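User: I would like to go through some of the labels attached to this model and see what each one rests on.

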Amino acid sequence: MTTLKDHREPVAAGHGDGGYVELRSDTFTLPTPPMLAAAVAAPLGDDVYGEDPTVARLEELAAGLLGKAAACLMPSGTMANLTALLAQCPRGAKAIVGRESDIYVYEAGGASMCGGIVYEPLPNLPDGTIDLADLEEALAVDRTDPQFALPALVSLETPQNRCGGLPLPLGHLAEVAELTRRHGAALHLDGARLFNAATALGVTPAEIARHADTVQICLSKGLCAPIGSVLAGDRATIAAARRMRKLLGGGMRQAGVIAACGIVALTEMTGRLAEDHENAARLARGLAGLPGVLLDPGPPRTNMVFFRVGDERYTTRSFIEAARHLGVRVEELGHGRIRAVTHAGVPAEAVDRAVGAFAELLRPDAPLREAGRALPAVPTAVRGDMSAKSGDTTAVPGDTSAKPGERP
Ligand SMILES: Cc1ncc(COP(=O)(O)O)c(C=O)c1O
């Protein structure tokens, strides 16, 4: 368990002297002191009445950064994506999504459940893009033929998490947008980590978002806010999404408390993401020098490092558990790979500690570390929270399904 007061510098669970190195996700970041101060000082109102001035300020700020006319604060990225689909797809329509996308893999099938929307998953290529011929085929249904579910929306994700956290090339966004519009559908962008993509590409967030009709950004990942996402788009679509948010139970009252943190996230935290990317590159360089480690798909472009361990002493799961015993937390994410995510709670020294722990596990003369055997003592800092959440996770080539316990 992590408490804010336990941390001298409350930016992430687990870092610091004697603590563990938390690399499972940037969702473990904690709100910064300026966020907490802003939350305490924020002017508040009832946001369901549209009267919370801090929420209004955040929405205006986010819309401006994304180059859109309007924006709506959402409790989560999942709800931002879901409301975008509900607002733009009539019942019985189809939403074309990447097979590896968060919307398809990790969001509980919400659009089908709540909106009667059919997902049509298309394969993601290794760089996260979608083959335009596949897309054209999915979009080009005969709209006069009553047999077909009509495509209403295409969704892309950047950076594409399960494809190595790679930012989609702007040219791909432009091509998909053109094709999508030609077929009368809308383009939604899941930009949970859009500021990481912008940092990696050296462009403004608006240059990415301009290709999409709607875009969602998460405040609660690398930007360190505790809660919240924002959906942006044109006024009519955002008004429709706001209605869907209420329907889903996401209308919030004094949400300025959350929005105040979000304002700090957008004004103070985007500039430091480059540091996370440098630390991910540092981690990848360290890993690449270890025996049996394969970076997959290759060197990171954002804050995510994906790798495999080809050492017969370990399965993916037992390696993760052994690393945990040495105070380094990573998790499996997609196709038997291990994912390590850098963020504000993982300074360069912590990256080096993690590389040191991985090196220790992979030493040729290190003891056999089958799950439960020959494991080193658990550091006291991590005792008390040892619940393994994943199932067995030996790599299955070609297996596209997510594993129990995976968290994006
Ligand atoms: C790419 C992507 N989209 C959407 C989400 C959902 O965000 P939330 O956890 O806030 O619902 C995540 C969560 O990690 C994500 O990685």
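Analyst: Two strands are said to pair if DSSP finds at least two bridges between them, and this is a predicted model. Strand β12 and strand β13 (residues 338-341) are joined in the antiparallel sense over two bridges, so by the cut-off of at least two they count as paired. Within this pairing E331 stands opposite R339 in β13.

User: What makes β9 and β12 edge strands?

Analyst: The open sheet has four strands in the order β9-β10-β13-β12, with antiparallel pairing. β9 (293-295) and β12 (331-332) each have a single partner strand, so one side of each is left without a neighbour in the sheet. Helix α12 (residues 273-288) packs on this sheet, where it touches β9, β10 (304-309) and β13, and its direction makes about 15° with that of β10.

User: Why is R253 called partly exposed?

Analyst: R253 has 14 other C-beta atoms within 10 Å; a buried residue would need 20 or more and an exposed one 12 or fewer, so the label in between applies. R253 lies in the loop between α10 (235-247) and α11 (256-268).

User: Which residues is R253 in contact with, leaving aside its neighbours within four places in sequence?

Analyst: Those residues are D46, D47 and V48. The C-alpha atoms of R253 and E51 are separated by 9.1 Å, although the two residues are 202 apart along the chain.

User: Which helix gives the most to the shell around the ligand?

Analyst: Helix α3 (residues 77-88) does, with three residues. The shell divides into three nonpolar, eight polar and three charged residues.

Note on methods: Residues numbered from 1 in each chain as written. Predicted model: local features only at pLDDT ≥ 70, side-chain atom pairs only at ≥ 80, totals over all residues. Nonpolar A, V, L, I, M, F, W, Y, C, P; charged D, E, K, R; others polar. Contact = placed C-beta atoms within 7 Å. Axes fitted to C-alpha atoms, helices over the stretch in contact; angles between N-to-C directions.
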